[in-house]
Amino acid sequence: MNICFKSIINPQKPMRGIGELQQSGFDSIMLPIDYFDGMIGDYAGIIEKCKENGIHIPVAYAPRTFAEMITENDVVQVTKESIKESIDESIKICKEAGSRYLIVDSCWNESEEFLLEIGKEAAACGVSLLMRNQYKSSRNRIVRGEHAEMSRAQKLVDGLNQEMGEEVFGFCVDTGVCALCRNDTLSFITTLGRRIKAVILRDCDGYNDVHMMLFSGIRPAIDWPGVVRGLRDIDFDGEMVVDFFSTINAFPSFLRPQLYALMKSVTDYFCWQAGMELRLKRYPHRVLFGAGKMCRKYMEAYGKKYPPLFTCDNNPDLWETEICGLEVKPPKALKDLPEDCGIFICNIYYREIEEQLREMGIHKNIEYFNDAYMPPVLRSE
C-alpha cells in the first residue's frame with residue numbers, strides 16, 4: 001500500500017513543505033482542492049514543483065459544498081450546477097497531477113444520471129471517484145450521515161459501476177468518522193471489501209471531528225484492531241492517506257519537521273501491521289525464525305493458510321524438535337532456501353536477528369511477523 005500525506009504545502013512557498021516531507025520520508029501527498037475568493041485555486045505551481053522533486057499526488061479531495069442544506073428548488077439547481085462545475089475542475093486537476101483517485105463528498109444524493117455523467121468525465125481522464133463515509137449533526141449529536149451505512153454505499157457503488165461497464169466509482173474509509181458514528185470497523189471494512197480504494201487514517205476522541213495522529217488519544221476511540229484485521233481480510237493494497245491535521249496544528253512550527261518524521265514512523269508501523277497477510281502471500285514458500293510464543297501464534301492463525309517449510313532458532317536445545325507440528329532447525333539451514341522463499345522473523349529481537357542473517361550472507365526476503373493484531377480468539381489466550 002502507498003502512504004500519502006495530506007498536503008501541508010503552501011501554494012506561495014511550495015518548496016518548504018516539499019522539503020520537509022522529503023526529509024521525513026514521505027514521497028506522496030493527497031491534494032485538498034479548495035476555493036479561494038469564490039474560485040477553485042490554481043494548483044499548477046504545486047503540481048509542477050511536486051513533479052520536479054519526485055513527490056507523487058495519487059489522491060485529491062474535491063471541494064465540499066452543502067447542497068443538502070438548501071431546500072428551495074431554484075437554489076438547488078444552481079447548487080447542483082456548482083457541484084458539477086467543482087467536480088469537473090477537480091477532475092482536470094487530477095489529470096494534470098496524475099492523480100488516480102478523487103474523493104468527493106457532495107454529490108451522492110444527486111440523480112443516477114448526474115452521477116453517471118461525472119463518472120464518464122472522470123473515466124475519460126483516468127480518474128476514479130471515491131465516496132467517503134460521513135456524519136451529520138442532529139440536535140447537537142453526531143449521527144451517521146451519508147454512506148456511514150455500508151449496505152447503502154455498497155449498493156450505490158456497485159450499481160454505478162455496472163452502468164458504467166467499468167470500475168469508476170469506489171469508496172474511501174475515514175477511520176475518524178467510523179469512530180464518531182460508532183461503526184463496527186471490522187464489519188464495515190470487510191463488507192465494502194475491494195470497493196475500498198483509499199483509507200483516511202486519523203485518530204479522534206470519539207466525540208469531536210478532530211484529526212489526530214494515531215495512538216495519540218487519551219483513550220482508544222477507534223477500534224484499531226478491527227481496522228487492521230479488516231484491511232488484512234480484504235487484502236487492501238490501496239492509498240493510505242495520513243490526516244493528522246489537528247496534531248500538526250497543536251505543535252509549534254519549529255518542531256514540525258521532527259513531528260512529521262514521527263508521523264511517518266507511526267504510519268509505517270500501521271501499514272506494516274495492516275499489510276502482514278499481503279507479505280505472507282507474496283512468497284510461494286516461507287520459513288520462520290523463532291520457536292517461541294510468536295511462532296505458536298503464527299501457526300494457529302496462518303499455519304494452514306500459509307504453511308512454513310520449517311522454523312529455526314538460536315537455541316540448540318530446540319533443534320530437531322517440533323513446535324505445532326513444525327520442525328525446528330539451526331539457523332544455518334536458511335542458507336539452502338529457494339530464491340522465492342520469505343524468512344519471517346517471529347521474535348521481538350527483530351533487528352538483532354536481521355543483522356545475524358545479513359552476517360550469514362542472507363540479504364533478501366527478510367520480513368518481520370508480529371502477533372499484536374491477531375484474531376480475537378487468539379488474543380484472549
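Phe251 sits in the loop between α9 (245-250) and α10 (256-274), with helices (H or I, at least four residues) and strands (E, at least two) taken as DSSP runs numbered from the N terminus. Its relative accessible area of 35% makes Phe251 partly exposed; buried means under 20%, exposed over 50%, and partly exposed in between (1.4 Å probe, protein chains only). Together with Phe254 and Leu255, Phe251 makes a nonpolar surface patch of about 320 Å². Patches are built from residues with over 30% relative accessible area and no salt bridge, joining like charges within 9 Å and nonpolar side chains (Val, Leu, Ile, Met, Phe, Trp, Tyr) within 5 Å. The areas come from the Shrake-Rupley method with a 1.4 Å probe, and for residues only the protein chains shown count as cover.

All of this rests on a predicted model, in which local features need pLDDT of at least 70 and side-chain atom pairs count only at pLDDT 80 or more, while totals for chains, interfaces and linings use all residues. Residues are numbered from 1 along each chain as its sequence is written, and side-chain values use heavy atoms, with hydrogens and water left out. The mean pLDDT (the predictor's confidence in each residue, from 0 to 100) is 89 for the protein, and 92% of its residues reach 70 or more. Over residues 66-78, though, pLDDT is below 50, and this stretch has 6 contacts beyond near neighbours in sequence, a contact being heavy atoms within 4.5 Å. Residues 377-381 also stay under 50, with 9 contacts beyond four places in sequence.

As for salt bridges, a search of the whole structure finds 21, each defined as a side-chain nitrogen of Lys or Arg within 4 Å of a carboxyl oxygen of Asp or Glu. One of them joins Asp243 to Lys6, with the closest N and O atoms 3.8 Å apart. That pair links distant parts of the chain, 237 residues apart: Asp243 is in the loop between β12 (239-242) and α9, Lys6 in strand β1 (residues 2-6). Asp243 is buried at 5% relative accessible area, whereas Lys6 is partly exposed at 24%. Within helix α3 (residues 73-97), Lys92 and Glu89 lie 3 residues apart, about one turn of the helix, and their side chains meet in a salt bridge at 3.7 Å, N to O. Lys92 is exposed at 52%, and Glu89 partly exposed at 33%.

The loop between α7 and β11 holds Arg195, which bridges to Asp158 at 2.8 Å, N to O. Asp158 is in helix α5 (residues 150-164), 37 residues away. Arg195 counts as buried, at 18%. Arg194 lies in that loop too, between α7 (185-192) and β11 (196-201), but is exposed at 56%. Beyond four places in sequence, Arg194 is in contact with Glu167, Ile234 and Asp235.

Turning to the strands, two pair if DSSP finds at least two bridges between them. Strands β8 (residues 135-138) and β9 (residues 141-144) run antiparallel, joined by 4 bridges, and Ser138 has Arg141 as its bridge partner. The hairpin has 2 residues between the strands, and Arg139 takes a positive phi near 55°. Elsewhere, 6 strands form an open sheet of mixed pairing, in the order β15-β16-β14-β13-β17-β18. Its edge strands, β15 (322-323) and β18 (366-368), each pair on one side only.
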